[in-house]
Amino acid sequence: MDHVGPILAAAPVTLGVTAAIFVVGALLGVVLVTGRRSGNRVIRSTARTAIDVLRGLPPIVFLFIVFFGIGSGAIRLSPIEAAVIGLGLITAAHMAEIYRGSLLAVGPGQFEASQALGLSRTTTYLRVIGPQAIRVAVPSMITWAISLLKDSALVSTIGVAEIMSVTNQDARSSGSSLTPFVIAAIVYIALGTPLAFLSRFLERRLSLSVRS
Amino acid sequence: MNGVERPPGNPILRLEDVRKEFNGHVAADGVSLDVAAGQVVAIIGPSGSGKSTLLRCVNLLEVPDSGRITVDGQPTDAGGRVSTRDLMNLRRRVGMVFQSFNLFPHLTVLRNISLPQERVLGRTRADADARSMALLEQVGLAAKARAHPLRCSGGQQQRVAIARALALDPKIMLFDEPTSALDPELGLEVLSVMRELANEGMTMIVVTHEIHFAVDVADHLIVMADGRIIEQGGPKSVVNDPRVPRTRTFLSAIRDR
Amino acid sequence: MQTSLSTSLLNDWSDWLPRLLDGLVVSLQVTGLSLLFGFAAGLVFALLSSSASPVVRWPSLLLVEIGRGMPSLVMLQIVYFGLPGVGVTLDTFPASVLALSLTTASYTSEIIRAGLRAVPAGEREAADALGMSRADAIRFIIVPQGLRIALPTLMGFAILVLQISALAFSLGLPELLSQAYSIGASTFRYLDVLVLAGLLYLAITIPASWLVGRFEGRLATNR
C-alpha cells in the first residue's frame, strides 16, 4: 500500500513541529505566569488579558492572523515560523494557567515556612515551591502536549507539509478517499499513545498524596 | 433479656465458620455466631480486628470466601455465587447504618427515605412519604423533611440514615460504628434513638467503640481480635471481669482515652 | 453598490460585520447541535464504558479512545471527504455536525465517566445495602450526581467546541472563519478582518469562560 509510506514519512515533521511549539510555549509560559503574578497592576492585567485572548481564540483563527495577517505584510513568515509562533503563543497561555494552578496547589504554608526559615525568594522558588509545583504541573503539561500533537494538523491549512497535508494530497491524487484519512487517524493515535502512557506513569510516580 | 451464648429456638441470624481474606490478610477467621430475634449484640475490639468485615458479610457487602450465613431461615452459601434475587431479598430484610451516614446529598431528607421504599418495596409515593414522615417524627426530625442532608448536622444525618434503613421494615439492623464520626454530643442523639429501637424489640448488631452504650443497651457483647471472637458474654461481666488478657488490654486502652 | 466615504478601520468593520455575523450564526448552530448530540451520545458511552461486563466495556472504550485520539480536523475530513468513498455523502453542514458530535461524544464520555467515578463509594454501598437494584442505583443516585460533578468541565468543553467549529472552514462550511477568510481573500485586508472575526469569537468565549468559573465556585461552596 503506497498510502502508508508518504504519510509515515511526514510523521517526523509533525513530531518536530509539535516539539518546537511545546518548547517555545513552555518557556514563554513562564514569562506569562510571572507577569500574571506580578505586583504591578499594569503588567498583571496585560498578562491576564493576553492569556484570556490566547485561550479564547480558536487556534486556527490565531494561526491565520499570524500567517495571513502579520506574516504576509511587513514581516514575511514561512508557514513553519508562523505555526511555531502562533501555536507557541497559545501554548504559552495554557502553560501559564497550568503553572499558576500548580503554584496554587503547593499551598501558602510552604511559602510561609520558607519565609519563617529566612530563605531567600530565589531559594524558595527554586528549591521549595518549584519542585513541588512541577510534580503537579507535569501531568497537565503532557496532556496538553498530546492535544498539541493533534492540533498540529491545523498547520496543514497554511501549507506546512506534515501528516495532514500529505494525507489530503494523497486523497486527492489517488482514487480512494477514505483510506488515506483512516491511515492518518491511526498514525496520530499511534503517536499519541506513548505520550498517554507516559502521562499515566508519571502521574503515579509523581503523586505526593498519602497512600491509603 | 439475659445474654446467653446459645439462645434457645431458631436464631434469626446464624453465622457458621465465616471466613474472609483480603490480599492475604485474614479479616474474618472462621467466625460462628448466633443471634436471637430481638437480641442486641454489640461487637467491640481493636482496629483491624475484623468487626466491620464480619458485619458487612451479613448483608453481603463483603462476600465471604467460605462459611454460611442464614438470615431469618434463608441460607446463603459463600463463594460469591448468590442469585440477584436472593441478594435483593436478603438486603430487604437487613438494614444497615454506616459510619459515614452515606445519605444521598442531591435528594431531600424525605426523598432519601422515600425513594428506596418506592423502588425496592414498590410502595406508592403517597404511602412512602407517609411512612417517611412517621419515621422522621420518631427520630425527632420531622422539621427537616424538605432540607438537604448537607444542611443537617452529623447527628441529624445519622438519624435520617437510621430512618432510611428502618423504612424498609427490616428484621435485623446492622450498625457499623454509627457514632465514630460524630462529636460526643451529637453521638448522644444517635445513641438514644438506637436505645429506643432496642427497647422496641429490634434485632440489632452494633459494631462500636461506645462501651457505655454496649453495657447499657446490649444483651450480648462480643470481643473480636485478629479476625476471631476472643471473648463473649453479658456486657457487664465481660467489661468488669474479662477472662482473656487481650480483652483486658483493649478495655484499659479504651478507658485511658 | 455602496461606496465607503472613509477608509477608516471601523467603517470597514461595520461593512464586514453583517457577513461575519451570518457566519457566526452558522458557527453557533453547528456548535449547538454538536453539543446536543455529542453530550447525549457521550452519556451513553460513559455508561457503556463503565459497565461491569468486559464485552460491553472494551469496544466502548476503544471507540472513545479512537474518537479522542484523532485530531478534530481529521474527523471532519473523514466524514466529509472520506465517507463518500463508502457511499455516504453528506453536505457540509450535516458533515460538520456529525464530525463534531463524534468528537464531542468521545471527550464528554471521558469527562462524564470521571464524574461517575467521583461519586463517593459510600453512597453506592448505601444503595446496595438498601436492596436497590444496580439499574436503580445508577439511575437515581450515580448518574444525577456524576453529572453534577462533571458539569463545570462539560461547560468548559462546550466553549472548546465553538473554537473547534472554526475548523469546519476546511470543508467550505460558511461559518465565521470561512466568511472572514473570503473577505480577506477579496480585499487582501486579512489582518483587519481576521481580527474582527477573532473579536467576535472572544465576545462569546471570554464571558462564557468567566461564567463557568463563577459557576464552579458556587458549586464548590454548595457542597
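# Talking through a predicted three-chain model

Reader: Let's begin with chain C; what pattern does chain C follow when read along the sequence?
Author: In this predicted model, chain C reads α-α-α-α-α-α-α-α along its sequence, and the count for that chain is eight helices and zero strands.

Reader: Is chain C a compact globule, or is it more spread out?
Author: Chain C is more spread out than a compact globule, because its radius of gyration is 22 Å, which is well over the 17 Å that the globule rule gives for 223 residues. Along the principal axes, the C-alpha trace of chain C spans about 80 × 50 × 20 Å.

Reader: And what percentage of the residues of chain C count as buried?
Author: Of the 223 residues in chain C, 45% count as buried. As for the contacts in chain C with a separation of 6 or more, 75% of them come from residues 24 or more positions apart.

Reader: How does the confidence look for chain C, and what does pLDDT average there?
Author: The average pLDDT of chain C is 90, with 95% of the residues scoring at least 70. Among the elements of that chain, helix α4 (residues 92-117) has the highest mean pLDDT, 94, whereas helix α8 (residues 190-222) has the lowest, 88.

Reader: Where in chain C does pLDDT stay under 50?
Author: That happens over residues 1-6 of chain C, for which the model has three contacts beyond four places in sequence. Where pLDDT is low, the predicted coordinates should not be read in detail.

Reader: Switching to the chain contacts, which pair of chains has the most?
Author: Two pairs of chains touch, and the most contacts are between chains A and C. In that pair, 31 residues of chain A are in contact with 32 residues of chain C.

Reader: Which elements of chain A supply at least two residues each to that side?
Author: On the side of chain A that touches chain C, those elements are α3, α4 (59-70), α7 (121-151), α8 (163-173) and α9 (178-206). The largest share comes from α4(A), with eight residues. By class, this side of chain A has 20 nonpolar, eight polar and three charged residues.

Reader: What about B and C, how many residues are in contact there?
Author: There, 17 residues of chain B are in contact with 17 residues of chain C. On the chain B side, the elements giving two or more residues are α2 (84-93) and α3 (109-121), and α3(B) gives the most, with four. The residues of that side divide into 10 nonpolar, four polar and three charged.

Reader: Which residues is C:Gln163 in contact with, leaving aside its neighbours within four places in sequence?
Author: C:Gln163 is in contact with A:Pro58 and A:Pro59 from chain A, and with C:Thr205 from chain C. For a distance along its own chain, C:Gly85 is 78 residues away in sequence, and the C-alpha atoms of C:Gln163 and C:Gly85 are separated by 28 Å.

Reader: In chain A, at what angle do helix α2 and helix α3 pack?
Author: Helix α2 (residues 11-36) and helix α3 (residues 41-56) of chain A pack at about 130 degrees, and their axes are 7 Å apart. The two helices are therefore oblique to each other.

Reader: Which residues of α2(A) meet α3(A)?
Author: From α2(A), they are A:Leu32, A:Gly35 and A:Arg36, and the residues they meet in α3(A) include A:Ile43, A:Ala47 and A:Ile51. By class, this contact has five nonpolar, two polar and three charged residues.

Reader: One last topic: what is the phi of B:Phe101?
Author: B:Phe101 has a positive phi of about 60 degrees, although it is not a glycine. Most residues other than glycine have a negative phi. B:Phe101 is in the loop between β6 (94-97) and α3 of chain B, and it counts as buried, with 25 C-beta neighbours inside 10 Å.

Notes:
Residues are numbered from 1 along each chain as its sequence is written. Chains are lettered from A and ligands numbered from 1 in the order in which they are written. This is a predicted model: local features need pLDDT of at least 70, side-chain atom pairs count only at pLDDT 80 or more; totals for chains, interfaces and linings use all residues. Axes are lines fitted to C-alpha atoms, for helices over the stretch in contact, and angles run from 0 to 180 degrees between N-to-C directions. Angles under 35 degrees count as roughly parallel, over 145 as roughly antiparallel, 65 to 115 as roughly perpendicular and the rest as oblique. Two residues are in contact if their C-beta atoms, placed from the backbone, lie within 7 Å. Ala, Val, Leu, Ile, Met, Phe, Trp, Tyr, Cys and Pro count as nonpolar, Asp, Glu, Lys and Arg as charged, and the others, Gly among them, as polar. The radius of gyration is taken over C-alpha atoms; the globule rule is 2.2 Å times the number of residues to the power 0.38. A residue is buried if 20 or more other C-beta atoms lie within 10 Å of its own, exposed if 12 or fewer, and partly exposed in between; C-beta atoms are placed from the backbone. pLDDT is the predictor's confidence in each residue, from 0 to 100.
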